[in-house]
Amino acid sequence: MEKFIIEGGRPLNGSVGISGSKNSVLPILAASLLIKGKCTIYNVPHLSDVYTMIDLLRYYGADIKEGIALEIDCTDIDNRPANDKAKNIRASFLIVGALLGRFKKVSMHMPGGCSIGLRPVDLHLKGFCCLGAVHSFEKGIITIEYDRLRGNEIYLDFPSVGATENIMLASVLAEGTTVISNCAIEPEIVDLADFLNSAGADIKGAGSDTIVINGTDALHGTEHNIIPDRIEAGTFMLAVAGTGGCCRIKNVICDHIKPVILKLREIDAEVKEEDNSVIVASDGRLPNTDIKTMPYPGFPTDMQAIFMSIMAKGIGTGIVNETVFENRFMHVGELARMGANITVEGRTAVVKGVDMLKGANVKATDLRAGAGLVLSGLCAEGITEIGEIQYIDRGYEKIEEKIRQLGGKIERVRS
Ligand code: UD1
């Protein structure tokens, strides 16, 4: 087991580059299962979730070469029984949609991932069902099968990112036209559509609330550059705002992270947007504000725990309303160990800023909660030890190296 040891109280200064998006690369890797031919994917982040997905693709027979780019050839994949590894990451469930494009019957473990709520897959299944598939469950394994997969109109009761992606994957090689209404409009949906269209798919409307997919007979090899990770960008922006200092954060699409930019300006941090980067400056002690998480382009739920770390040492009181996941306040108990004053009732947290957070022994309870604790440790007085950092490694490439590059003091040690 590894842990982070952080010596807090140092401002962050300098420049740092953002890696490719975890939430883009995972569906795009799953999508490569649909394609007969070689796909070359650039800007792939080195993350444990990505390696889990690569292992799963190899399990189905994908030929994958790892280098500066990832070369994937899924021409000769086989249909295989459900693999236990799929339980480790939620995005593994996207493999179902892709395999349905290649095989008439697919079995998969119910997905795992971070424990931030129930995270059902009913909307994914509703989509498959609308396309003509039926499903059954046995011992935690779900089997989905069909005679003919035919386009249809599908309304999502909530604009679920994963369900939108899975239905897109299942319908690109289906017969006829699929229309997904009230779908997710996240930048990662657009990146997936761009990848599939470059491989010969016919997807229109990605990035709007209605996506139209005209089924095609086959997809061919392609090249694709993964978009920058907007949540990693937001994490570094908040780290600079919280510790004080001035940093240029490079490889950022500012439009993708607008709510965080605007919230930072609301609390008096300076944020300058440039073509491919963002510059953040702050004196480290900022007034509090309220946040409410929402689907894109609202404030991202993935930034909630991280923003709360800044609020915990802000001036005054702020309210956090989590509308996307029902159990996403696990970090509050850990922040309390560092002296934070936060009360939770249902999906609302009231954060009363304290003068100073104090270093403590804490543990990451999920990926973004873990990132929030790293920020709190950087802001706090004294030493913070963070356990269970395997969660953080799921979504942040070389986080400790990037923080050290900016002058932060953080070490990864074996415990
Ligand atoms: C994706 C992101 C995750 C982010 C989330 C919301 C990836 C790999 N992960 O997760 O980082 O936090 O979007 O922005 O891209 N829901 C249902 N039924 C379903 C599907 C979802 O009720 O069939 C609910 C979920 O329980 C949750 C809400 O919809 O309350 C949003 O989930 P969804 O958008 O599907 O998130 P993920 O795709 O799992």
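I take helices (H or I, at least four residues) and strands (E, at least two) as DSSP runs, numbered from the N terminus. The model is predicted, so local features need pLDDT of at least 70 and side-chain atom pairs count only at pLDDT 80 or more, while totals for chains, interfaces and linings use all residues. Residues are numbered from 1 along each chain as its sequence is written, and side-chain values use heavy atoms, without hydrogens or water.

**Entry: the shell around the ligand.** I looked up which helices each supply at least two residues of the shell. They are H4 (122-130) and H5 (161-171). H4 gives the most, with three residues. Of the 17 residues around the ligand, Asp122, Leu123, Ser160, Asp302 and Val324 come nearest.

I sorted the shell by type and found seven nonpolar, five polar and five charged residues. Here Ala, Val, Leu, Ile, Met, Phe, Trp, Tyr, Cys and Pro count as nonpolar, Asp, Glu, Lys and Arg as charged, and the others, Gly among them, as polar. Domain 1 (2-19 + 228-414) and domain 2 (22-225) each give the shell at least three residues. Those bounds come from an automatic or database domain assignment.

**Entry: polar contacts.** I checked pairs of N or O atoms within 3.5 Å. A polar side-chain atom of Asp122 lies 2.6 Å from a ligand nitrogen. A polar backbone atom of Leu123 is 2.7 Å from a ligand oxygen. For Ser160, a polar side-chain atom is 2.6 Å from an oxygen of the ligand. The protein covers 86% of the 740 Å² of accessible area that the ligand has on its own (Shrake-Rupley method, 1.4 Å probe).

**Entry: backbone.** Most residues other than glycine have a negative phi, and most peptide bonds are trans. I noted that the bond from Tyr296 to Pro297 is cis, with omega near 10°. Pro297 is in the loop between strand S17 (291-292) and helix H9 (304-311). Lys139 has a positive phi, near 50°.

Note on methods: A residue is near a molecule or strand if one of its heavy atoms lies within 4 Å of it. A polar contact is a pair of N or O atoms within 3.5 Å; within protein, one must be able to donate a hydrogen and the other to accept it, and residues adjacent in sequence count only if both atoms are side-chain atoms.
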